[in-house]
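Here is a short briefing to read alongside the structure. Please keep the viewer open as you go through the points on rings and helices.

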Amino acid sequence: MNILDLGDIQLHWREDGDPAGAPVVFANSLGNDLRMWDKLVPLLPQGLRLIRYDKRGHGLSSCPPGPYAMGALIRDAERLLDGLGVRDCVFVGLSVGGLIAQGLAVKRLDLVRALVLSNTAAKIGTQQMWANRIAAVRKDGIEAIADGLMERWFSKPFRATPEMLGWRNMLTRQPVEGYAGTAAAIAGTDFITPTSGLTLPTLVLAGSEDGATPPDLVRETAGLIRGARFELIRGAGHLPPVEKPADYAALLTGFLTAIGHV
C-alpha cells in the first residue's frame, strides 16, 4: 500500500507496469476508488508506468472536512505527480477526474503532454442539481441516491449482473463528507473558457448509455479543444473501463501509439 504524505493530506496511490516507462496517470470519478481501473490496466501495453490514486475523501486517502474546491483537487494531483517525479504524462481523467485533468493541463503543461477526457465535460450539471444531491446525502446518506446513480453509471444489461452490486457497495461505503465535498467542487467548476485554450493532444471518450455525462455533452467538450478526437463506446454507461474494458483499452492504446507514448 502506497501513501504519499503531503502534510495536510495523505493520498493513496498505486503503480503498475514499468517504473521507468512512459507515465500514464488515472483519476477516477465521484464515489469510486482506484479499483475502477482494475480491468483496464492488464489490457494496456507493456512498458508503461501506470499510476492511479484515490482523490481526497475517497478510498484510502484522507477525508478532510468539506466542501472542497476544484483547485484543491487539482493541487492534490499536481503534488502527487511532483512527489512521484512524474513529467510529461498522459493524464486519463473520468468524470470529475476529467475536470481535474483539464485544470492540471491548464496549470502545469510540464506535467501533462496529452489528455484523455472520459465521460466528462468542461462543466458538469448545475449548481442547483449538485446542491440538491449534497443535501440528500447529508440528510440520508449515499444509500438514498445509490439506485439512481446506478442507472446513470451503468447500462441496463450490466445492472442485471451481480457485479453491479459490488460497485453499488463501493459507492455507498465512500465517506459522506468526501462525496459531498467533491460534489461541491464539481458544482463550482466551469472550465469552458480555460479548456477552450488547450492545444495538447486529446482523446475524448463517451459512453452511449451514460446518464451522468451524456454523449452530446462530452462531444461539446471535445469541440472546445483544437484537434481533439472524439470516440463513442457503445453499450457503456458512465464507467466504460468497468463495462467495456477491452474497447476502452483499444482506444487508449491507439491514442498512446499515435502520439508516440508507447
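In this predicted model, arginine 56 lies over the face of tyrosine 68, at 5.4 Å from the ring centre.

**Aromatic pairs and a cluster**

- How many aromatic pairs does the structure hold? There are 4 aromatic pairs.
- Tryptophan 153 and phenylalanine 154 make an edge-to-face pair, with 6.1 Å from centre to centre and 85° between the planes.
- Phenylalanine 154 also pairs with phenylalanine 158: their ring centres are 4.6 Å apart and their planes stand at 35°, so this pair is tilted.
- Elsewhere, Phe26, Trp37 and Tyr248 form one aromatic cluster.

- Are tryptophan 153 and phenylalanine 154 buried or exposed? Both of these residues are buried.
- Phenylalanine 154 has 0% relative accessibility and therefore counts as buried, the cut-off being under 20%.
- Phenylalanine 158 has 10% relative accessibility, so phenylalanine 158 counts as buried too.

**Helices α1 and α2**

- Helix α1 spans residues 70-83 and helix α2 spans residues 96-107; their axes come within 9 Å and cross at roughly 70°.
- The two helices, α1 and α2, are therefore roughly perpendicular to each other, since angles of 65 to 115 degrees fall in that class.
- On the α1 side, the contact is made by Met70, Leu73, Ile74, Ala77, Glu78 and Leu81.
- These meet Val96, Leu99, Ile100, Gly103, Leu104 and Lys107 of α2.
- By residue type, the contact of α1 with α2 divides into 9 nonpolar, 1 polar and 2 charged residues.

**Helices α3 and α4**

- Helix α3 (residues 127-140) and helix α4 (residues 143-153) have axes that come within 8 Å and cross at roughly 135°.
- What does that make the arrangement of α3 and α4 to each other? The helices α3 and α4 are therefore oblique.
- Arg133, Ala136, Val137 and Asp140 are the α3 residues in this contact, and they meet Ala144, Ile145, Leu149 and Arg152 in α4.
- The residues of the contact of α3 with α4 comprise 5 nonpolar, no polar and 3 charged.

Notes. Residues are numbered from 1 along each chain as its sequence is written. This is a predicted model: local features need pLDDT of at least 70, side-chain atom pairs count only at pLDDT 80 or more; totals for chains, interfaces and linings use all residues. Side-chain values use heavy atoms; hydrogens and water are left out. Rings of Phe, Tyr and Trp (its six-membered ring) pair if their centres lie within 6.5 Å; planes under 30 degrees apart count as stacked, over 60 as edge-to-face and the rest as tilted. Buried means under 20% relative accessible area, exposed over 50%, partly exposed in between (1.4 Å probe, protein chains only). A charge sits over a ring if NZ of Lys or CZ of Arg is within 6 Å of the ring centre and within 35 degrees of the ring normal. Axes are lines fitted to C-alpha atoms, for helices over the stretch in contact, and angles run from 0 to 180 degrees between N-to-C directions. Helices (H or I, at least four residues) and strands (E, at least two) are DSSP runs, numbered from the N terminus. Angles under 35 degrees count as roughly parallel, over 145 as roughly antiparallel, 65 to 115 as roughly perpendicular and the rest as oblique. Contact means heavy atoms within 4.5 Å. Ala, Val, Leu, Ile, Met, Phe, Trp, Tyr, Cys and Pro count as nonpolar, Asp, Glu, Lys and Arg as charged, and the others, Gly among them, as polar.
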